[in-house]
Amino acid sequence: MEDLMTVVDWSRWQFALTAIYHWLFVPLTLGLSVIVAIMETIYVRTNSPKWLAATKFWMTLFGINFAIGVATGLVLEFEFGTNWSNYSWFVGDIFGAPLAIEGIVAFFMESTFVAVMFFGWDKVSRGFHLTATWLTAIGASISALWILVANAWMQYPAGTEFDPVQMRNIMTDFWALFSGVAVNKFFHAVFSGWALAGVFVIGVSCWMLFINRNTAFAQRSIKVGAWTGLAGLLLTMYTGDGSAVEVTRCQPMKLAAMEGLYHGSSEQSLVAFGLVNPDKSWNNTEDEYLFAFEIPYGLSILANHDMHSFVPGIADIINGVSVNAQGDTINTISYAERIARGKQAHEALRRFDIARANGDKTAMAAAQQALQADYPYFGYGYFDSVDEAIPPVGVTFYSFRIMVILGSYFLLFYVLVLIGVYYREWLYRARWMQVVAILSVPLMWVCSEAGWIVAEVGRQPWTVQDLLPTRAAISSLPASSVITTFWLFAGIFTILLIAEVSIMMHQISIRSSQDLETANTY
Amino acid sequence: MTLEYLQNYWWLLVSILGGILVFLLFVQGGQSMLLSTRSAERRELIVNSLGRKWELTFTTLVVFGGAAFASFPLFYSTSFGGAYWLWLIILFSFILQAVSYEFRNKRGNIYGTGTYDLFLFLNGLIGCVLLGVAVGMFFFGGEFTVSRGSLLDNTAPVISNWAPSHGFEAMADWRNLVLGIAVFFLARTLACLYMINNIDNYPYRDSLRQRCLIYGGCFLIFFLWFLGVLLTTTGYAYTTDDFGNTTIIPIGCKYFYNYIDLWWAGLTLLIGVGLTLFGWISTVMRRNYTYGIWPTGFGVFLVVASLFWVAGYNDTAFYPSTIDPDSSLTIRNASSSHFTLTVMSYVSLLIPVVVLYIAYVWHCMDRRKISIDELRTADHKY
């Protein structure tokens, strides 16, 4: 196989590219579908044409976004096969199930009822239409549930065992997929979609206020967007806190990378902002940061909800000091020993395979016993040095800060918007605040994407934590093929994104200039 | 339930999904007729008629992939990672389709309605032909090897390896192309039948009937050609020893014998062909008959399901390797574990619920046929 690492790197870039593009559209679908459903519910309860108009306006924008979300989502499912074929075999027995369930349970629900949403106004009853709108929103969230369960399993593989005959992992406990990691990840991602959609609705509505068009329509929309968004943001923060605890216990190396922390301590402070030292490595004496503004006890509280607790750094973990699933500090084995035991696991599997081919059951049993002892470190057997097991620190560190700082900003933003709405309605007159709201829209996407970069870059080099590194997960392809498809995806998705943004802006502009107080304007 | 039972059950579900997918390709068939439709009014009718169903085809494709992944991961791993260019071209065509309906008529779409119609046409053409090529590989095989021991090769740790052409060789195999072209004409025939049923416009229905005659005739020629090749081609039977090692035995006219041995599959094929012809001929011959999509659609579903059955049942390798027969995939060596198949089988009990609500929504939405008048006053149209 030609130049393994080139194929690995380009496969990673391609997956990152397609996933980032997909996540531009998914959170808006998740949040806007709920906002549209709330508006339609108010319409059905009040029979007010104003709420029907609001429902249809936001539904149009939802539809534009939904289409491109579907387009970019298709790629991700099939990329597991096309670019990560070894992964698909090695853990397909576990990972494939949530994907199939997602299709059967969620995709059909979305695709069936979204047609009723858009084309069913005069074909079905109002109650049925409202049900279809809610089912579309619920379908989108159920879809997120299954894919995030699958993703969480990659970060914390539970409920499986290795089958040496098939040379793959098999599922032994379906419910283990719903670990704390999965639950936090699901709610964190879905509620962040609500928060994002809230900012989007407020931003677009503030544009109408800014140009002094449809102000009553904008005010109604802002109220629904702000309350939904604030609820989403608060729940995102709560589940984000839960995720930090889970990461500490299940992926301590990721937490250390998020913090740029090489040597941990008890009562560990948190870097609020700073610059990591690019020359720092786990085994030199350079400073960790070029400068850092720290919050005392912050990381201990974040990681363990205990200001006196110990948080291990990258060097600690490599040397065998870590935190177990209960949050206790433990002396585990070093990364050097993990690599050695991983190679022993590989060797035992080789012996098993030879014994199986020869029909030697005694030798098979002996090899299997040796394999089981070392299997927890199987993935480390692909590494030649401990440096390969460290995630990119800089990207993870900065992405984490971008996410947290922007997340905190949006909490302030929502509070200000709600004050502006209910306290003498000053939001409707404060043009500076309207400009801030409009400019905040793209920042919300930056925040959302940064969260995924923390989650996915921070778990490198693993495809499946401790079991399968990315270098062993790929397809046997020439690098030129993957490079070509990377640029094809980049080109097509960019072309479609430009069209999507342009259509959105045109729709907002055209409809803002119409009278949106009645639904008959469409 | 035994593992063998579950493997057979999941192959049945994959077959059913395959059958539904091919039926729903009427969307692609209709799209492929867009550029040859001069009248702007008729184009609008085509797009808006198909546009209310495109997501079902798209979703069925995704679920087919997901079901294959969950139930036969070695197939997913080998085929998608190996026939890379075949699958990627199919995917690119579906990406273009997914945005085109929503974007084509919206102001600010930058590239113009014609570009999105071209995208729809490309998806209609490429999607049908290449999905046919992909299914053809279930019978005529692919150039791959599977070696699980490669997992431990640190320099190239990939268990499935494919010929350097990575799918182009499958696209160049005339037998696969015969099936692909048959699928293409079938999709166009189905599209004509669907639109005759769904569009309330008599002059256009007459035009569709004429097209239906031509496309159906072309489909018959290519389908019979494919069937002739299939029934005379050499397939692979297999045996498995106690240690899980598979031995492959080539057998001439394997699929013909499968249809004889699996008499119910043969009967399904005959009933399917009969229904397909009945719907098609009735539509072409009777001017007021608009329901041809249903007997033909169900017939197509039966034919495709029966093809999957003879591909995978009766100890047949469903994905033959032409360069290393022992690497061929069977429903025994490519499947998920007993536990996963059991869990997934419980989930599959939801499928009838899904089918029922889709049928109900379809009925509600199509109760009133689409017309130009409706499009003129519609809130939302493509």
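These legends describe close-up views of a predicted model.

**Figure 1. Packing of helix α1 of chain A against helix α14 of chain A.** Residues 4-46 form α1(A) and residues 431-457 form α14(A). Their axes lie 10 Å apart, and the helices pack at an angle of about 125 degrees. The crossing of the two helices is right-handed.

**Figure 2. Residues in the contact of α1(A) with α14(A).** From α1(A), the contact is made by Ile20(A), Trp23(A), Leu24(A) and Pro27(A). On the α14(A) side are Trp445(A), Ser448(A), Glu449(A) and Trp452(A). By class, six residues of this contact are nonpolar, one is polar and one is charged.

**Figure 3. Domains of chain A.** The domain assignment places residues 4-251, 392-457 and 459-485 in domain 1 of chain A. Domain 2 covers 255-331, and domain 3 covers 335-386. The centres of domain 2 and domain 3 of chain A, taken over C-alpha atoms, are separated by 33 Å.

**Figure 4. The contact between chain A and chain B, with the side of chain B in view.** Chain A contributes 75 residues to the contact and chain B contributes 71 residues. On chain B, at least two residues each come from α4 (54-71), α5 (73-82), α6 (84-103), β2 (160-162), α14 (338-348) and α15 (351-366). Helix α6(B) supplies the largest share of this side, 12 residues. The side of chain B that touches chain A comprises 44 nonpolar, 19 polar and eight charged residues.

Definitions and conventions:
Residues are numbered from 1 along each chain as its sequence is written. Chains are lettered from A and ligands numbered from 1 in the order in which they are written. This is a predicted model: local features need pLDDT of at least 70, side-chain atom pairs count only at pLDDT 80 or more; totals for chains, interfaces and linings use all residues. Axes are lines fitted to C-alpha atoms, for helices over the stretch in contact, and angles run from 0 to 180 degrees between N-to-C directions. Helices (H or I, at least four residues) and strands (E, at least two) are DSSP runs, numbered from the N terminus. A crossing is left-handed if the near helix is turned anticlockwise from the far one by less than a right angle, and right-handed if clockwise. Two residues are in contact if their C-beta atoms, placed from the backbone, lie within 7 Å. Ala, Val, Leu, Ile, Met, Phe, Trp, Tyr, Cys and Pro count as nonpolar, Asp, Glu, Lys and Arg as charged, and the others, Gly among them, as polar. Domain bounds come from an automatic or database domain assignment.
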